[in-house]
Amino acid sequence: MMKKKIIRITIIIIIALILLFPLRYKDGGTVKYQAVLYSITDYHALRGVDGYDTGIEIKILGITVYENTTFGR
């Protein structure tokens, strides 16, 4: 009985880690942390010779919940 409970708790912890643990992608100045359930993007990208975009975007289940990207020179 106790052994089954320990196995269930272990499986739940492993599934939670897979869904919530982010992978880090870096493309130049932009950094993206992406997990199965959410993604966080920290923008710092050149836009031609005019300047660059900066800001943060947060998505949960593919839906943008926060975004404050601005264009700087």
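**Exercise 1.** How many helices and strands are there in the protein?

*Solution.* The model is a predicted one, in which local features need pLDDT of at least 70 and side-chain atom pairs count only at pLDDT 80 or more, while totals for chains, interfaces and linings use all residues. Residues are numbered from 1 along each chain as its sequence is written, and side-chain values use heavy atoms, with hydrogens and water left out. Taking helices as DSSP runs of H or I of at least four residues and strands as runs of E of at least two, numbered from the N terminus, one finds 1 helix and 6 strands. In sequence order, the pattern reads α-β-β-β-β-β-β.

**Exercise 2.** Determine how spread out the protein is.

*Solution.* The radius of gyration, taken over C-alpha atoms, is to be set against the globule rule, 2.2 Å times the number of residues to the power 0.38. Because the value is 18 Å, well over the 11 Å that the rule gives for 73 residues, the protein is more spread out than a compact globule. Along the principal axes, the C-alpha atoms fill a box of roughly 65 × 20 × 10 Å.

**Exercise 3.** Describe the setting of Phe21.

*Solution.* Phe21 lies in the loop between α1 (2-20) and β1 (23-27). With buried meaning under 20% relative accessible area, exposed over 50% and partly exposed in between (1.4 Å probe, protein chains only), Phe21 counts as exposed at 57%. Leaving aside residues up to four places away in sequence, Phe21 touches Gln34 and Ala35, where contact means heavy atoms within 4.5 Å. From Val49, Phe21 is 28 residues away in sequence and 36 Å away in space, C-alpha to C-alpha.
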